[in-house]
Amino acid sequence: MTDLHPDIERILISEEDIQKRVTELAVEIDRDYRNEDLVVLIGILKGAFIFTADLSRKMSVPHTVDFMSISSYGDQAVFDGAVRLIMDLRKPIIDQHVIVVEDIVDTGHTMNYLYQTLKGRNPASLKTCTLFKKERNNLDVPLDYVGFDLPDVWVVGYGLDYADTHRTLPYIAELKKEVYT
Ligand code: PRP
């Protein structure tokens, strides 16, 4: 086994388990949308860029991929209560079957904001997909596809970061507490 980065406490979910679960989610989505002509996946940057790419490549139903960029945390890892739209979609989603793809739902603020914003654009349907979910969230929208529940520790890897680092780890790992406290 290769040495872990000194910031990492332990691996929580292996690369193999992540890939297996992403495949299962793709199969579920393929089944649910088998009668539709086209699905629009909306990946939420930055965190969901890896999950969106992997999910898209494992899906068989016809789909396009678009991105939005949202930020709720600064580099100091302090939540200031605001969800900001940094970059919008390239195309309108009116009358389209849309799935929002997130890497993680933590407090739920981002997904609540996304759901309300996208619903207001009158898609034919709107579903939510997140690979990881923490328990302490304050969600008032449904989560239709969920990969894994995570404990309330700082996690990095597979798109998730600490101050923009560790996103490219192929697994999900717990960050050492002394790194972020
Ligand atoms: C992370 C993650 C989600 C959001 C979830 O994004 O990618 O979008 O936080 O948190 P919430 O449920 O508490 O709203 P972040 O703002 O860290 O930006 P990033 O994706 O660019 O890393």
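Arg 167 sits in the loop between β8 (155-156) and β9 (172-175). Helices (H or I, at least four residues) and strands (E, at least two) are DSSP runs, numbered from the N terminus. The model is predicted: local features need pLDDT of at least 70, side-chain atom pairs count only at pLDDT 80 or more, and totals for chains, interfaces and linings use all residues. Residues are numbered from 1 along each chain as its sequence is written, and side-chain values use heavy atoms, with hydrogens and water left out.

Arg 167 has a relative accessibility of 14% and therefore counts as buried. The classes are buried (under 20% relative accessible area), exposed (over 50%) and partly exposed (in between), with a 1.4 Å probe and protein chains only. The side chain of Arg 167 makes a polar contact of 2.7 Å with the side chain of Asp 164. A polar contact is a pair of N or O atoms within 3.5 Å; within protein, one must be able to donate a hydrogen and the other to accept it, and residues adjacent in sequence count only if both atoms are side-chain atoms. Leaving aside residues up to four places away in sequence, Arg 167 touches Lys 46, Gly 47, Phe 49, Ile 50, Gly 157, Tyr 158, Gly 159, Leu 160 and Asp 161. Contact here means heavy atoms within 4.5 Å.

Aromatic pairs were examined next. Rings of Phe, Tyr and Trp (its six-membered ring) pair if their centres lie within 6.5 Å; planes under 30 degrees apart count as stacked, over 60 as edge-to-face and the rest as tilted. The count comes to 3 aromatic pairs. The ring centres of Phe 132 and Phe 148 are 5.9 Å apart and the planes lie at 25 degrees, so this pair is stacked. Phe 132 belongs to strand β6 (residues 125-134) and Phe 148 to strand β7 (residues 145-150), so the pair ties together parts 16 residues apart in sequence. Phe 132 is buried, at a relative accessible area of 0%. Phe 148 is buried as well, at 18%.

Trp 154 and Tyr 180 form a tilted pair, 5.4 Å centre to centre with 40 degrees between the planes. Trp 154 lies in the loop between β7 and β8 and Tyr 180 in helix α4 (residues 177-180), so parts 26 residues apart in sequence are tied together. Trp 154 is partly exposed at 23%. Tyr 180 is partly exposed at 24%. Ring pairs link Trp 154, Tyr 162 and Tyr 180 into a cluster.

Salt bridges number 12, each defined as a side-chain nitrogen of Lys or Arg within 4 Å of a carboxyl oxygen of Asp or Glu. Asp 54 bridges to Arg 57, with the closest N and O atoms 2.5 Å apart. These two residues are 3 residues apart in helix α2 (residues 49-58), and are therefore separated by about one helical turn. Asp 54 is buried at 12%, whereas Arg 57 is exposed at 64%.

Arg 121 and Asp 88 meet in a salt bridge of 2.9 Å, N to O. Arg 121 lies in the loop between α3 (109-119) and β6, and Asp 88 in the loop between β4 (79-87) and β5 (97-105), so the pair ties together parts 33 residues apart in sequence. Arg 121 is partly exposed at 27%. Asp 88 is partly exposed at 36%.

Asp 149 forms a salt bridge with Lys 133, the closest N and O atoms being 3.0 Å apart. This pair links distant parts of the chain, with Asp 149 in strand β7 and Lys 133 in strand β6, 16 residues apart. Lys 133 is buried at 16%. Salt bridges with shared partners join Lys 46, Asp 161, Asp 164 and Arg 167 into one network.
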